[in-house]
Amino acid sequence: MSAPPLLAVEGLSCRFGGLLALNNVSLAVQEGEIFGLIGPNGAGKTTLFNAISALTTPSSGQVLWRGQPIRHPRPDRLSRLGLARTFQNLRLFDSLSVRDNVLVGLHRFAASPLAAGLLGTAGVRRRQRQLEQRALELLALVGLEDGADLAAASLPYGERRRLELARALATEPRLLLLDEPAAGMNPAEKNDLCELIRAIRDRFDLTVMIIEHHVPLMMRLCDRLAVLNFGERIALGTPEVVRHDPKVIEAYLGSPR
Amino acid sequence: MDAGLLVQMLIGALLGLSVYLPLYCGQLSLATPGFFAIGGTVAALLSTRVPAFAGTGATSPLPALLLEMALAGLLAGLLALAIGGTVLRLRGIYLAIATIALVEILRVFNLNLPFTGGALGIFGIPQPFDSTTGYAGFSLALLAVVCWLCARLEQLRLGRAMAAIRDDELAAASVGIDTARVKLTAFVLSALLAGLTGALAAHFLNSWNAKLGSFDASITTLAFVVFGGSRTWLGPVIGGLALTALPELLRPVGDLRLIVFGLVILLGPVLFPQGLITPQLLQRLGHGCSVVGQGFSGAGRRLRGRLSGVRRP
């Protein structure tokens, strides 16, 4: 018998008043794959991410982590299980420095007894230096090591996106949810990002779930894709299968007259 | 400046820090005067009713004061722990309103409980120090310790988590911070500080009544932080010191003083929206100091060079 998928979504529905944002969506993400989520605007992609990361409570259905339902899901508990995410509309800690943004991501590994922390014992200082070193490594990975002392708010858009990625990686996730990481990038930057995501997956032995509108990029990057339209999953499979699915073509191009 | 005003200013700074702690993680709590009142009442009751704390006649031993402060802080902290979980579910202005309600409830209790002396309060609280200078020294030491702890806190994991919650609570939760717990910790620390400050204030004022923990005090203590700045511990300290001293220093202008005081409180946030003291300001000052320092050490090097040149044959 094979191992249960890292993440499984079973019959998930999200209703906001009269709007059914997700309708009975099921899918499973296997360990180590890059799993894409595409669909027209308003298809429910971000809602699905929000439901997985416990920012939205689903109306029905459940999310399974390694085959087990997550009881009392809360964003911080999911982070400790190994889930990290970035946000479509960037949520950095703007008043903190670039380095501190990543250090907040290392929160889980920074615990020290309060008294020792206040007194700044040798052990605490050594641990602090290790964490700062780790933060710099992560910043170097996304090419931001030179701006570590800048305020996060002062970074240009593309660098803010990369900082958010470094912060997510700091939590040492098993599964990384990327919500439109290439938004606002030009084709060259999108290619770089593609390489970066692959490199990160290989280096950290990650599973990646990604939302992106740029379909050709997704076809190249992803191992498998799910297509949402009006809250329903209309297709699931390898890029080749999805590309030729008549329902997908209809969702993107309209039905042939 | 007389020592009495200095003690009041130092107590103001301590209360400013008590408002600052929850505000540092974005929680607008106005409960500080409530916990301050609990601390004052605990100290007043213990030192006038319990012989072990009362000492001989008008004086009380210093260890008794320390023990009262510890008990007052503990009681205030426990109350904060008990109600914090519920109250801190509220955000922004709603949390402010709930904490105002708490202050009012405590004030009404203080006014009507059979043993707190009604509107007149409790009189003749024994003095652990011979003079106000003693209070000034003790308060200054206490403020120094609390400032040091706050400065350390800002460098620690807890302080970073608090700042992260202030900037974006949702993002903080999604990187694994138990936001409810961090907010509760800040709230309890704030209550603890207000409680032990209250115990000190009760002895200093020699009497204690319900008026000392009122809605007015909520707004005044909030003004300390708004005026001084809420991004670093130095802000509320400066705000507390300055705004406590100002009405007294303005006495020469007579009845105008409250108008001038009001104008200062009004103009402060208009001219310095982030408060007087901001991390950027401190950074600039620190940079300035290091430039001056380098200048000095450069001059020193040149001087040493010349001296050694002189000694050379």
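**Fold, domains and chain contact in the predicted model**

Chain A contains 10 helices and 10 strands. The structure is a predicted model. Its chain A has a radius of gyration of 19 Å, close to the 18 Å that the globule rule gives for 257 residues, so chain A is as compact as a globular protein of that length. The C-alpha trace of chain A spans about 70 × 40 × 40 Å along its principal axes. Of the 257 residues in this chain, 40% count as buried. Among contacts in chain A with a separation of 6 or more, 69% come from residues 24 or more positions apart.

Chain A is divided into two parts by the domain assignment. Domain 1 covers 1–82 + 173–257, and domain 2 covers 93–170. The C-alpha centres of these domains of chain A lie 28 Å apart. Their contact takes nine residues from domain 1 of chain A and seven residues from domain 2 of chain A. On the domain 1 side, helix α7 (residues 187–204) of chain A gives the largest share, three residues. By class, the residues on that side of domain 1 are six nonpolar, one polar and two charged.

Six strands of chain A form an open sheet with mixed pairing. The strand order is β6-β7-β8-β3-β9-β10 (chain A). The edges are held by β6 (83–85) and β10 (232–237) of chain A. Each has a single partner strand, so one side of each is left without a neighbour in the sheet. From one strand to the next, the twist averages 15°. At the β10(A) end, five bridges join β10(A) to strand β9 (residues 224–229) of chain A, and the two strands run antiparallel. Within this pair, Ala226(A) has Leu236(A) in β10(A) as its bridge partner. Helix α10 (residues 246–253) of chain A packs on the sheet and touches β9 and β10 of chain A. The direction of α10 makes about 125° with that of β10(A).

Chain A also touches chain B. The contact takes 26 residues from chain A and 19 residues from chain B. On the chain B side, the elements that give two or more residues are α6 (132–155), α7 (157–167) and α8 (169–174) of chain B. The largest share of that side, six residues, comes from α7(B). By class, the chain B side has 10 nonpolar, three polar and six charged residues.

Conventions: Residues are numbered from 1 along each chain as its sequence is written. Chains are lettered from A and ligands numbered from 1 in the order in which they are written. This is a predicted model: local features need pLDDT of at least 70, side-chain atom pairs count only at pLDDT 80 or more; totals for chains, interfaces and linings use all residues. Two residues are in contact if their C-beta atoms, placed from the backbone, lie within 7 Å. Helices (H or I, at least four residues) and strands (E, at least two) are DSSP runs, numbered from the N terminus. Ala, Val, Leu, Ile, Met, Phe, Trp, Tyr, Cys and Pro count as nonpolar, Asp, Glu, Lys and Arg as charged, and the others, Gly among them, as polar. The radius of gyration is taken over C-alpha atoms; the globule rule is 2.2 Å times the number of residues to the power 0.38. A residue is buried if 20 or more other C-beta atoms lie within 10 Å of its own, exposed if 12 or fewer, and partly exposed in between; C-beta atoms are placed from the backbone. Domain bounds come from an automatic or database domain assignment. Two strands pair if DSSP finds at least two bridges between them. Axes are lines fitted to C-alpha atoms, for helices over the stretch in contact, and angles run from 0 to 180 degrees between N-to-C directions.
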